[in-house]
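I opened the model to look up a few local features and noted each one as I went. The entries follow in the order in which I looked.

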Amino acid sequence: MNIIMPKDQNPDIRISVAMATYNGEKYLSEQLESILRCLDANDEIVISDDGSSDNTISIIEQYAERDKRIKLFDGPHAGVVKNFGNALANCRGSYIFLSDQDDVWHKDKVEVVLPQLTENILVCHNADIFNSITGEYEGDMQSKIGKKTSVSKNIIKNSFIGCCMAFRRELSEYATPFPDERSIHIHDWWLGLIALKVGNVRFEEKSLIDYRIHESNTLGLKKTTFGFKIKKRINMIRALRRYFGARNKKSSEPNS
């Protein structure tokens with residue numbers, strides 16, 4: 001694997017796209033093409049791969065040879081939350097867009113979202129849902145999961161889907177490193193809840209990606225048991241209390 005060494009923030013980079021990959025060869029090329037056409041010359045796609053055993057790394061390296069905006073990093077091999085955390089840790093841009101490996105960006109995604117990040121720490125846009133197994137359109141994301149703007153309501157039912165999220169760099173610096181996956185379950189939920197606590201959040205109604213449902217989806221719209229839903233909400237509440245308790249304690253210390 002051609003590993004690029006991480007660097008500090010670069011003020012010349014406007015947008016970093018943080019992507020976590022794992023055995024995503026089937027849809028990866030189409031996704032990379034759709035992202036690249038939205039970016040400027042000084043933007044970047046930061047990819048953390050978590051030990052793919054298919055052709056994912058080869059595909060990324062082929063793109064990286066032709067386009068220097070693509071940076072590949074070896075992931076922690078510890079699951080999707082830590083893999084995204086590794087991607088974020090290596091992003092150098094002022095604005096960060098999260099991306100899955102298997103969707104398709106619409107041409108106007110950056111054009112619509114970027115201006116909204118001036119007054120909002122995080123923007124979560126809508127998505128068109130397509131079932132790659134049946135070939136059918138299954139509606140839009142916000143109709144299924146809502147667009148709730150309070151912490152309590154998002155604890156009950158999460159409105160944040162990572163592939164639809166973009167945020168200012170300060171949110172990444174505030175909310176990472178991520179707690180253990182057993183505590184927060186998934187990174188996008190954590191980022192959304194932190195954003196609601198520390199800044200303005202906007203839900204954009206326009207669909208700006210095609211979200212694929214397929215046989216290998218890691219998370220997304222998968223259904224879980226009632227017991228698991230209760231457990232992960234309790235864990236999230238505990239993680240938030242620990243996190244903000246620690247921050248409040250640090251801020252109250254002399255010379256902090």
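In which loop is His-77 found? I located His-77 in the loop between β3 (70–74) and α3 (80–89), where helices (H or I, at least four residues) and strands (E, at least two) are DSSP runs, numbered from the N terminus. I noted that the phi of His-77 is near 55°, a positive value in a residue other than glycine.

Before going on, I recorded that this is a predicted model, in which local features need pLDDT of at least 70 and side-chain atom pairs count only at pLDDT 80 or more, while totals for chains, interfaces and linings use all residues. Residues are numbered from 1 along each chain as its sequence is written, and side-chain values use heavy atoms, with hydrogens and water left out.

Backbone entries. I looked up Asn-23, which is not a glycine and yet has a positive phi of about 45°; Asn-23 sits in the loop between β1 (15–21) and α1. Asn-23 is partly exposed, with a relative accessible area of 30% (buried means under 20%, exposed over 50%, partly exposed in between, with a 1.4 Å probe and protein chains only). I also checked the peptide bond from Thr-176 to Pro-177, which is cis with omega near 5°, and placed Pro-177 in the loop between α7 (169–175) and α8 (181–184). For context, most residues other than glycine have a negative phi, and most peptide bonds are trans.

Helix entry. I followed helix α1 (residues 25–36) and helix α2 (residues 56–66), whose axes come within 9 Å and cross at roughly 25°, the axes being lines fitted to C-alpha atoms over the stretch in contact and the angles running from 0 to 180 degrees between N-to-C directions. That makes α1 roughly parallel to α2, since angles under 35 degrees count as roughly parallel, over 145 as roughly antiparallel, 65 to 115 as roughly perpendicular and the rest as oblique. I listed the contact (heavy atoms within 4.5 Å) as made by Glu-25, Leu-28, Ser-29, Leu-32, Glu-33 and Leu-36 of α1 and Thr-56, Ile-59, Ile-60 and Tyr-63 of α2. In α1, I found Tyr-27, Leu-28, Gln-31, Leu-32, Ser-34, Ile-35 and Leu-36 buried.

Strand entry. I found Phe-203 in strand β9 (residues 201–213), buried with a relative accessible area of 10%. Not counting residues up to four places away in sequence, Phe-203 touches Cys-124, Gln-142, Lys-147, Lys-148, Thr-149, Ser-159 and Phe-160. I noted that the C-alpha atoms of Phe-203 and Thr-149, 54 residues apart along the chain, are separated by 8.4 Å.
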